[in-house]
Protein chains: 2
Amino acid sequence: MNKLLIVGTVAFDAIETPFGKTDKILGGAATYIALSAANFKVDSAVVSVVGNDFPDEYLQLLRDRNVNIDGIEIVPNGKTFFWAGKYHNDLNSRDTLVTELNVLADFNPIVPENYKDAAVVMLGNLHPLVQTSVLNQLTAKPKLVVLDTMNFWMDCALPELLDVIKRVDVITINDEEARQLSGEYSLVKAAAKIHEMGPKYVVIKKGEHGALLFHGSEIFFAPALPLEEVFDPTGAGDTFAGGFSGFIAQSGDITFENLKQAIIHGSNLASFCVEKFGTQRMENLQTHEVKERLQRFKALTQFEMANI
Amino acid sequence: MNKLLIVGTVAFDAIETPFGKTDKILGGAATYIALSAANFKVDSAVVSVVGNDFPDEYLQLLRDRNVNIDGIEIVPNGKTFFWAGKYHNDLNSRDTLVTELNVLADFNPIVPENYKDAAVVMLGNLHPLVQTSVLNQLTAKPKLVVLDTMNFWMDCALPELLDVIKRVDVITINDEEARQLSGEYSLVKAAAKIHEMGPKYVVIKKGEHGALLFHGSEIFFAPALPLEEVFDPTGAGDTFAGGFSGFIAQSGDITFENLKQAIIHGSNLASFCVEKFGTQRMENLQTHEVKERLQRFKALTQFEMANI
């Protein structure tokens, strides 16, 4: 089995949507990525940090899915990263109510020896210097390095962000972030500029409007599945990244054709994530549900074209 | 050749976008629909009204494309409908600056005798009573009736609109209009409610985010082609409708499979419309350009799925 190295936050979230609110629940980019990637046959490991307030049952969720957690540092007397947010009525935007970095403030990632030669590296949204530190610890060149980031780092750590972007094969960002990073409104032009910053592949996530994969002048698009109810968008982007990187790690194939499939798998898994609060839906996801919904994705976009 | 009956405005537009502004130029829903449908082998006719201020060269554009214009009434001493609008910076919204109904205020549509048995009827955005009057003049049941409308009629002529919606096979509206008409935020739920109002097929246009085709529990999605530059969105929805109804009229096939293709053709033609001001791009569109871009649409969405 190919190794997938996942770096990102493991955290507490408190979420409010128009449909309800939660207390502190399991959250964090690496959590969503790992739960999503666990739908593929991969040997994955998470590098992260939590405090000793973090319940072992949450870590057990990952162990149960054969996710190696040797790289999750537990800081004695430390408090776990906590984020609280409230979504607006259309669920397309949200306000951050609380950000307590806690143990994340001094996070020094340590890649377990056995994963320094991972085939695929998924750098979840974190300080670019943490992402760089992980790359510096690798002993073999991965087949593919995927980086997720956000506008926050463009605002306050742009030089460090540009340094790490140079070193990755794929960047996944949302449409507004692509515009901010490139200074271009057109996503086609934005992707072209971001290509020049390093990544061969640029994935632009548009939430309910799907995702675009750019590779030079080639473009592939996967819609989001139209859903009757979207309950909580938290983690959808990370779940997408987990499906994307998990599928690539499983297949070991980094061609454009295969990355198209990876985009579909990412979109498919993200469509489940938003159906319940937090990680709830992903924790209970069944293989047959994943396969059935993949068929819906095919039906949604595939067509036969007669000659005109 | 199958007959396509097109009803809608033929008008003057004055457009301002972040990229420039025009004087009074050729506009109107029926104009865009007819120019778009002219890319297919159909016998089409336009029912509309203009004033005697309307230049014959504009009518000649339609005649040159074998569009029958016997149903375009020219009102002596009348003034042609005029609309002026200004787009916001993101081109996704616009302000109406001027609406002069002029001859449209007393428009009484007369369907030419030879088109009362049209195979496909495309009811462009107009007062629902005008759309109803056209349906009442038909002597044979069309294979397919497509209706386009807008929020304005939902605000000020809802009962009349609901009456005509009952009688059509396909409704095309944008996402906000679908939400307004149904009272549902989720587009899946909105489409289900609109199905209950009459139309077997519900097309929800999301502009740069593509279009959804709903048929019972089946959904098909076509993206908009990601473009380097969008110059002027005016007429894109009507161009979509023209491509959609034109392809269906050409093929004479009203199965779901064929309607999927029609959505792709509509999206393809709309992608040209927005590249220049007004009707300019559609006037000079070449067959080989249309075919080439269809291949880009296929590449954008078609994929091979390996088993997971």
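Putting chain B and chain A together buries about 3800 Å², counted as the accessible area (1.4 Å probe) that the two parts lose, summed over both. Carbon and sulfur atoms give 61% of that area. The model is a predicted one, in which local features need pLDDT of at least 70, side-chain atom pairs count only at pLDDT 80 or more, and totals for chains, interfaces and linings use all residues. Residues are numbered from 1 along each chain as its sequence is written, and side-chain values use heavy atoms, with hydrogens and water left out.

Chain B brings 38 residues to the contact and chain A brings 39, contact meaning heavy atoms within 4.5 Å. Two salt bridges turn up across the interface (a side-chain nitrogen of Lys or Arg within 4 Å of a carboxyl oxygen of Asp or Glu). E229(B) pairs up with K189(A) in a salt bridge, with 2.8 Å between the closest N and O atoms.

On the side of chain B that touches chain A, α11(B) supplies the largest share, with seven residues; helices here are DSSP runs (H or I, at least four residues), numbered from the N terminus.

Then there is the inside. The largest nonpolar core has 230 residues; such a core is a set of buried Ala, Val, Leu, Ile, Met, Phe, Trp, Tyr and Cys residues joined through side-chain atoms within 4.5 Å, where buried means under 20% relative accessible area (1.4 Å probe, protein chains only). L5(B) is among the residues with the most contacts inside this core. Leaving aside neighbours within four places in sequence, L5(B) touches residues including A45(B), V47(B), Y115(B) and L138(B).

Key
Chains lettered and ligands numbered in written order. Buried < 20%, exposed > 50% of the residue type's maximum accessible area, 1.4 Å probe, protein only. Helix = DSSP H or I, 4+ residues; strand = E, 2+ residues; numbered from the N terminus.
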